[in-house]
Amino acid sequence: MSKGRYGIHGGQYVPETLMNELIHLEECYGHYKNDPEFQQELQTLLNEYAGRPSLLYYAEKMTRDLGGARIYLKREDLNHTGSHKINNVLGQALLAKKMGKTRIIAETGAGQHGVATATAAALLGMECEIYMGEEDTVRQALNVYRMELLGAKVHPVTSGTRTLKDAVNACMREWTNRVEDTLYVLGSVMGPHPFPMIVRDFQSVISREARQQILEKEGRLPAAVVACVGGGSNSMGIFYNFIEDREVELIGCEAAGKGVDTALTAATIATGSLGIFHGMKSYFCQDAYGQIAPVYSISAGLDYPGIGPEHAWLHDTGRARYVPVTDDEAVDAFAYMARTEGIICAVESAHAVAHVRKIAKNYSPDQSIIICLSGRGDKDVAAIARYRGVDLHE
Amino acid sequence: MSKIQDNQISRVFQTPNHKAFIAFLTAGDPTPDCTVKYILEMERAGADLIEIGIPFSDPTAEGVVIQDANIRALQGGMTTDGVFEIVRRVREQSQGGAAIPLAFMTYANPVFHYGCDRFFARCEELGVSAIIVPDLPYEEKQELEKTADAHGVALVSMIAPTSRERIQMIAREAKGFIYVVSSMGVTGVRNEINTDLESMVKSIRQVTDVPCAIGFGISTPGQARHMARISDGAIVGSAIVKIIAQGGEQAASAIYEYVKSMKEAVAQA
């Protein structure tokens with residue numbers, strides 16, 4: 001078995017042109033991971049610039065309303081740039097800089113990862129180019145302008161389905177074109193090794209904090225940790241330090257779109273099968289001949305036909321459970337969170353909220369559930385309004 | 001002698017100083033009938049090996065020209081079974097009977113999903129001698145290699161401008177022929193190719209007798225002649241796919257003329 005395996009998943013299914021660069025990246029990461037100076041520099045950026053540690057907030061009204069487990073929200077939405085994406089991006093951009101790269105490129109779906117990457121590039125004085133599906137540039141026009149304000153060049157991707165997977169394709173093609181001075185800052189726990197490992201390590205700060213915070217507040221571990229899953233970076237981040245705590249349930253919420261029994265879905269575990277794509281072996285939504293399926297979700301950030309290899313393995317081993325959540329349920333949860341707790345969360349995160357609304361009552365009041373509130377919802381307000389029949393445009 | 005040493009690929013390069021012209025097209029672009037016809041035209045024009053692309057929804061190693069061909073083929077309903085049917089018809093109609101050597105070029109997922117054993121059994125049955133899978137580097141080749149070997153299909157190794165110290169590791173285990181990638185980036189026509197290909201080929205030849213052909217970016221007879229001079233052959237894809245994109249169902253004579261001119265250029269190398 002080649003490197004970077006999680007059970008049968010993972011690996012490095014990329015063109016030969018990229019292999020030496022991936023090997024080099026792995027070596028550099030291995031070096032800086034154990035370099036106290038690098039870690040100190042990153043921690044300072046996370047604390048002083050991104051606003052970490054993020055709060056673990058006790059959602060009292062929600063707890064009372066749902067009747068059951070005590071609900072906590074890990075507030076990644078309060079990070080600089082408004083989502084968990086900054087955790088990984090600061091790590092990778094700093095790594096790129098140490099490697100002597102002067103340019104970073106990235107894909108983006110909803111625009112969160114693109115904005116975070118453009119932000120890090122501005123901060124660290126690097127050139128930045130973002131690839132975004134043309135359809136997403138329309139859905140998330142404000143984020144396009146945000147990235148441009150931050151000095152990034154945004155390329156609308158017009159090939160294929162014009163969404164996240166095509167943005168990843170475009171980014172991979174660009175990276176094979178220019179590896180010497182460029183690092184591809186992948187936005188999720190996916191792609192070829194070492195990316196799933198690097199992104200997971202940088203995102204694991206979420207559960208390192210959350211585990212300590214919940215022990216301080218509750219004196220015991222949570223009964224469950226719940227997060228939304230597209231590629232799976234915020235969920236991997238909040239799961240990671242709980243994996244060894246066997247009594248903690250890990251639940252990933254996939255975007256079911258219009259439902260897992262329809263073609264308009266992005267729920268990979270529920271509807272996908274084993275395959276090889278975007279540099280990794282994992283589960284993918286695909287047809288009978290292994291053509292990658294066009295997927296759909298109201299949430300551009302979860303609109304991806306695959307799932308990171310470590311999630312695929314957590315699924316295989318039964319350590320984590322993956323459940324589908326529909327557009328309707330997510331939009332309801334989005335409004336519920338706003339009304340109940342005064343928090344407008346990302347529609348991605350609302351998928352996790354929706355599932356907890358269903359299961360909270362199955363737990364007793366001396367148990368707790370942590371929801372990873374992966375991002376804030378400003379970007380989604382207009383789309384949610386339209387979904388609910390209000391003719392609102394940005 | 002193993003099945004692979006004996007397969008048609010080795011015969012392509014067997015004659016001393018014979019330089020190969022390898023032509024590519026995407027199966028089902030614009031229709032399966034056209035693909036059969038165009039393959040036969042290329043054979044008639046003197047192509048030594050024809051590489052048939054099995055279309056994939058997300059061909060990450062391809063430039064725009066071949067990406068678009070993949071989309072056209074898939075929109076036309078092309079499937080892996082459809083590609084095998086094209087090959088069957090070619091075998092039936094080919095002037096030289098089973099003469100023209102054929103290779104597939106596709107991505108890991110269509111093969112993996114079809115079922116590795118089932119896929120290569122079909123290849124063996126139809127006399128497809130080699131397969132090129134750009135998202136299957138040396139480290140991952142065990143995914144397909146053992147099964148391909150068992151069916152006498154050569155899994156072609158690719159060597160890129162960035163391969164450096166990996167060149168000889170890859171070359172030592174190469175089978176069929178080595179696909180030397182001329183340039184960084186994806187497939188597509190290029191005006192200039194600046195990689196030091198001669199030293200790459202020299203490094204390869206220190207460790208193996210497996211022939212090497214150069215591809216990516218080649219479109220003119222001059223480029224093809226040069227590549228064939230410094231290696232064992234030239235591979236041309238995007239330039240042919242472009243002719244098909246422009247000519248649609250009427251591209252036969254343009255393809256014939258182009259392949260003939262390229263083959264002549266390569267023969268002069």
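In this predicted model, A:Arg70 is partly exposed, with a relative accessible area of 26%. The side chain of A:Arg70 forms a salt bridge with A:Glu218, in which the closest N and O atoms are 2.7 Å apart. Because A:Arg70 belongs to strand 4 (residues 70-75) and A:Glu218 to helix 10 (residues 205-218) of chain A, the pair ties together parts that are 148 residues apart in sequence. A salt bridge is also found between A:Arg321 and A:Glu249, with 3.2 Å between the closest N and O atoms; this pair links distant parts of the chain, A:Arg321 lying in strand 13 (residues 320-326) and A:Glu249 in strand 10 (residues 249-257) of chain A, 72 residues apart. A:Arg321 is partly exposed at 40% relative accessible area, and A:Glu249 is partly exposed at 29%.

In chain B, B:Glu264 and B:Lys260 meet in a salt bridge (3.4 Å, N to O), and both residues lie in helix 12 (residues 252-267), 4 residues apart, or about one turn of the helix. Salt bridges that share partners also join B:Lys141, B:Glu145, B:Asp149, B:Glu173 and B:Lys175 into one network. Over all chains, the count comes to 43 salt bridges.

Notes:
Residues are numbered from 1 along each chain as its sequence is written. Chains are lettered from A and ligands numbered from 1 in the order in which they are written. This is a predicted model: local features need pLDDT of at least 70, side-chain atom pairs count only at pLDDT 80 or more; totals for chains, interfaces and linings use all residues. Side-chain values use heavy atoms; hydrogens and water are left out. A salt bridge is a side-chain nitrogen of Lys or Arg within 4 Å of a carboxyl oxygen of Asp or Glu. Helices (H or I, at least four residues) and strands (E, at least two) are DSSP runs, numbered from the N terminus. Buried means under 20% relative accessible area, exposed over 50%, partly exposed in between (1.4 Å probe, protein chains only).
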